[in-house]
Amino acid sequence: MPAPLDFARDERVCYQPLVNRYDLLIVGGGINGTAIARDAAMRGMRVLLVEKDDLAQHTSSASSKLIHGGLRYLEYYEFRLVREALREREILLRTAPHIVTPLSFVLPHGKGMRPWWMLRAGLKLYDLLAWGSSLPNARTVTDSVYRDPLRAGTQSRLALYSDAWVDDARLVVLNAVDAAEHGAEIATRTELVSARREGEAWEAALSGGRTVKATVIVNAAGPWVADVLSGKLRGNSASKARLIKGSHIVVPRLYAGEHAYILQQPDGRVVFALPYGEHSLVGTTDIPVERPEDAVITAGEIDYLCAAVNRYFVKQTSPADLVWSYSGVRSLFDNGAASAQAVTRDYHLDLDEQSGAKLLSVFGGKITTARALAEEALDTLGAPGTSATATSPLPGGDLSAGFEAYVAGLASWMPVPLLDRLRRSYGTRLSRIVGDAQRMEALGERFGAGLYAAELGYLRFNEFARTAEDVLWRRTKLGLHMSPGERAEVEALF
């Protein structure tokens with residue numbers, strides 16, 4: 001039997017500090033910050049990323065879990081953004097196939113909705129912008145599996161198109177892991193206190209009393225970007241952020257099948273209904289807010305999302321059915337749009353024009369285009385070399401026929417549901433969790449919902465997990481399937 005885990009006595013961390021002088025200091029451990037850290041480290045730069053909480057603790061784990069071009073962005077003539085996002089979708093399907101998988105979307109059409117010809121034209125354009133994609137083109141469907149869950153009057157015609165699903169928090173973590181394995185230092189639970197220019201370098205004070213120097217600071221603080229810029233970096237910018245809250249609910253399954261629905265609403269918005277294991281994930285809202293701390297779902301948002309799916313599905317839901325909910329505040333680049341849904345989802349890179357040490361602030365962006373944003377950010381800063389991230393698999397993404405043979409061997413003693421979850425989460429890194437185990441007992445203590453000590457140890461010492469919440473609600477989502485007592489056991493261990 002393996003020795004029991006003891007996190008309290010073992011104070012190792014994933015990657016120890018390297019130096020106190022860096023080429024790049026990145027503020028923010030969301031998708032943009034970690035993508036920039038990965039690209040920079042792969043170019044040979046000395047990188048420090050600081051995150052005041054956990055990786056992906058805020059906006060980047062509160063998405064709709066989609067890698068998509070953004071079909072609705074076509075209405076706002078965001079053709080460049082859609083084309084770039086569709087190109088990045090293909091890159092992620094290739095470089096992270098364990099956590100990014102194809103997903104079919106059903107678009108129902110009935111009376112009172114956008115004209116059918118307009119929807120068909122939009123889908124044709126979407127396919128054209130995705131030219132060369134490995135995913136199938138859009139088509140009209142009549143299959144009962146797509147039609148039967150829908151109420152009469154909402155399904156006179158059905159279109160089917162393709163995008164992709166992602167485990168958003170794991171995408172962030174894997175970018176950070178790859179950055180660290182290329183030499184970057186990833187410092188979670190570390191806050192930038194202040195920074196000042198000292199000639200051609202920044203001198204930055206961090207929480208815990210540490211001081212470091214960096215040639216460049218990248219402000220990728222998401223919804224805190226403006227606060228960090230004006231408060232801690234004493235910088236000014238004409239660029240502004242619009243803070244928009246998006247909320248999601250998880251309810252019992254609304255329909256069978258592993259496809260998603262994109263549902264047009266009377267207010268002109270669209271709401272997604274997505275497969276989420278034994279549940280359905282419904283979102284999102286677009287609510288302007290004043291502060292990043294306003295990422296809390298309201299009763300009105302819950303009512304709105306329930307009503308959005310009840311307009312379409314035979315199976316109805318209500319706030320009483322709620323299993324889980326989450327909210328995130330997106331920091332969008334303020335392009336002057338009148339409504340929240342019309343604000344651009346494109347990113348804007350703001351390079352401070354002051355002399356001396358460089359400062360780059362990141363406004364906006366989306367999970368799908370984070371890799372491209374990172375590449376452009378580093379090119380803007382004059383970073384050495386060229387980006388290799390478009391062709392380099394993320395950790396665990398180097399799947400091969402050999403991996404399939406390895407998985408087949410594990411299936412002789414590991415329950416299929418557990419094996420399926422682990423392979424989709426860790427890809428080829430599954431071997432680092434399993435080791436030479438040949439029976440379930442060798443994975444150590446079981447904490448519920450298929451979480452074993454071997455996986456907990458891996459997350460603690462290889463993926464920067466420092467609390468039970470980091471494991472249960474971001475790196476695995478198993479908290480959704482655990483009892484309060486089982487969650488308490490994991491909390492006690494940390």
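This report walks through a predicted model, from its confidence to a helix, a cavity and some backbone details.

## How to read the model

Residues are numbered from 1 along each chain as its sequence is written.

The chain has an average pLDDT (the predictor's confidence in each residue, from 0 to 100) of 92, and 94% of the residues score at least 70. Over residues 9-13, pLDDT stays under 50. Where pLDDT is low, the predicted coordinates should not be read in detail.

## Helix α5

Let's start with α5, which covers residues 168-181. Helices here are DSSP runs of H or I with at least four residues, and strands are runs of E with at least two, numbered from the N terminus. From first C-alpha to last, α5 reaches 20 Å, close to the 20 Å expected at 1.5 Å a residue; the expected span is 1.5 Å times one less than the number of residues.

Of the 14 residues in α5, 13 are buried. Buried means under 20% relative accessible area, exposed over 50%, and partly exposed in between, with a 1.4 Å probe and protein chains only. After the helix comes Gly 183, with a positive phi near 110°.

## The largest cavity

A cavity is a set of points on a 1 Å grid over the protein atoms alone where a 1.4 Å probe fits but cannot get out, and lining residues have an atom within 4 Å of a point.

The lining has 14 residues, and Leu 92, Leu 171, Asn 175, Arg 371 and Leu 394 lie nearest the centre. The largest share, three residues, comes from α1.

His 248 sits in strand β11 (residues 241-252) and is buried, at a relative accessible area of 2%. The peptide bond between Gly 283 and Thr 284 is cis, with omega near 15°.

Most residues other than glycine have a negative phi, and most peptide bonds are trans. Ala 449 has a positive phi of about 60° and is partly exposed, at 25%. Lys 477 has a phi near 65° and is buried, at 10%.

Definitions and conventions: Predicted model: local features only at pLDDT ≥ 70, side-chain atom pairs only at ≥ 80, totals over all residues. Heavy atoms only, no water. 1 Å grid on protein atoms, 1.4 Å probe; cavity = no way out; pocket = protein on both sides within 12 Å on 5 of 7 lines; lining within 4 Å. Contact = heavy atoms within 4.5 Å.
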